[in-house]
Amino acid sequence: HGFGLGARESQEAIRAADQGKLDKTPYESKIPAAYQAQGDRLAQQGNVAAQAGNFDEALRKHQEALDLARRGNVPMAPFETGLKDAYRLSAEALKARGESAMAAKAPLGALEHFTAALEHAQRAQIDTGPYEASAKAAAQAGWYALMSRSSGPQIRGGEAAAMLRFATEPIMSHDDSFHLLM
């Protein structure tokens, strides 16, 4: 989707347009292409980061691409899909880390990974059932857990939360505080 614009041209056109320093008349048709081209580059960088297992970087790059698409008034669907895919891959990796922590008999570390995995699964808008293993893992390790979930509209970056309480005896209700809030 380069639309004939190089990386430097795209960045300069976007910067000038954002700062209001560009006489848009001769460039009006190229400005959306510049946003699109730069968004595509950011998304590709996010894909490379995800393949390398650097999910924080992947999520950041995909979010930047989506934000850029929004600013440039270009189609956001491909960038939304890229961000959801990055969250899905991150959720899978976090779940695997949680399972490794459980195997190493480190239930609290596992719960941190499982809780983060659940949040990322919610943001990816995928089935969260497998990621709710955090409460099951805690129970298997001799802990009791009580979890509540909350999520808002994800398409526009809405909130997602999982509130967990842990104890060594049965928990009948939520208290005034939580042990993990993700």
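Which residues in helix 4 meet helix 5, and which residues in helix 5 do they meet? The model is predicted.

## Overall make-up

The chain has seven helices and three strands. In sequence order the pattern is α-α-α-α-α-α-α-β-β-β. The chain holds 182 residues, and buried residues make up 41% of them.

The accessible surface of the chain comes to about 10,100 Å², and carbon and sulfur atoms hold 50% of that surface. Of the contacts with a separation of 6 or more, 50% are between residues 24 or more positions apart.

## Helix 4 and helix 5

On the side of helix 4, the residues are Phe55, Leu59, His62, Gln63, Ala65, Leu66 and Ala69. They meet Phe79, Glu80, Gly82, Leu83, Ala86, Tyr87, Leu89, Ser90 and Ala93 in helix 5. By class, this contact has 11 nonpolar, four polar and one charged residues.

Two packed helices are described by the angle between their axes and the distance between the axes. For helix 4 and helix 5, the axes come within 9 Å and cross at roughly 165°. An angle over 145 degrees counts as roughly antiparallel, so helix 4 is roughly antiparallel to helix 5. Their crossing is left-handed.

## Helix 3 and helix 4

Helix 3 covers residues 30-51 and helix 4 covers residues 55-72. The axes of helix 3 and helix 4 come within 7 Å, with a crossing angle of roughly 165°. Helix 3 and helix 4 are therefore roughly antiparallel, and helix 3 passes helix 4 in a left-handed crossing.

Helix 3 brings Pro32, Tyr35, Gln38, Gly39, Leu42, Ala43, Gln45, Gly46, Asn47, Ala49 and Ala50 to the contact. Helix 4 brings Phe55, Glu57, Ala58, Lys61, His62, Glu64, Ala65, Leu68, Arg71 and Gly72. The residues of this contact divide into 10 nonpolar, seven polar and four charged.

## Helix 5 and helix 6

Helix 5 spans residues 77-103, and helix 6 spans residues 107-124. Their axes come within 7 Å and cross at roughly 165°. Helix 5 and helix 6 are therefore roughly antiparallel to each other, and their crossing is left-handed.

From helix 5, the contact is made by Lys84, Tyr87, Arg88, Ser90, Ala91, Leu94, Lys95, Arg97, Gly98, Glu99, Ala101 and Met102. From helix 6, the residues are Pro107, Gly109, Ala110, His113, Phe114, Ala116, Ala117, His120, Ala121, Arg123 and Ala124. By class there are 12 nonpolar, five polar and six charged residues in the contact.

## Ser90 in helix 5

Ser90 lies in helix 5. Its relative accessibility is 4%, so Ser90 counts as buried. With neighbours within four places in sequence left aside, Ser90 is in contact with Phe55, Leu59 and His120.

## Loop positions between helices

Asn73 is in the loop between helix 4 and helix 5. Asn73 is not a glycine, yet its phi is positive, at about 55°. At 71% relative accessibility, Asn73 counts as exposed.

Gln125 sits in the loop between helix 6 and helix 7. Gln125 also is not a glycine and has a positive phi, of about 60°. The relative accessible area of Gln125 is 41%, which makes it partly exposed.

## Loop positions by the strands

Ala141 is in the loop between helix 7 (133-140) and strand 1 (144-151). With a relative accessible area of 34%, Ala141 is partly exposed. The C-alpha atoms of Ala141 and Lys105 are separated by 7.8 Å, although the two residues are 36 residues apart along the chain. Leaving aside neighbours within four places in sequence, Ala141 is in contact with Met102 and Pro107.

Ser173 is in the loop between strand 2 (160-167) and strand 3 (180-181). Ser173 is partly exposed, at a relative accessible area of 45%. Residues up to four places away in sequence not counted, Ser173 touches Leu146 and Arg165. Met147 is 26 residues from Ser173 along the chain, and their C-alpha atoms are separated by 9.8 Å.

How values were computed
Residues numbered from 1 in each chain as written. Predicted model: local features only at pLDDT ≥ 70, side-chain atom pairs only at ≥ 80, totals over all residues. Heavy atoms only, no water. Axes fitted to C-alpha atoms, helices over the stretch in contact; angles between N-to-C directions. Helix = DSSP H or I, 4+ residues; strand = E, 2+ residues; numbered from the N terminus. Parallel < 35°, antiparallel > 145°, perpendicular 65-115°, else oblique. Left-handed = near helix turned anticlockwise from the far one by under 90°. Contact = heavy atoms within 4.5 Å. Nonpolar A, V, L, I, M, F, W, Y, C, P; charged D, E, K, R; others polar. Buried < 20%, exposed > 50% of the residue type's maximum accessible area, 1.4 Å probe, protein only. Areas by Shrake-Rupley, 256 points an atom, 1.4 Å probe, with all protein chains shown as cover.
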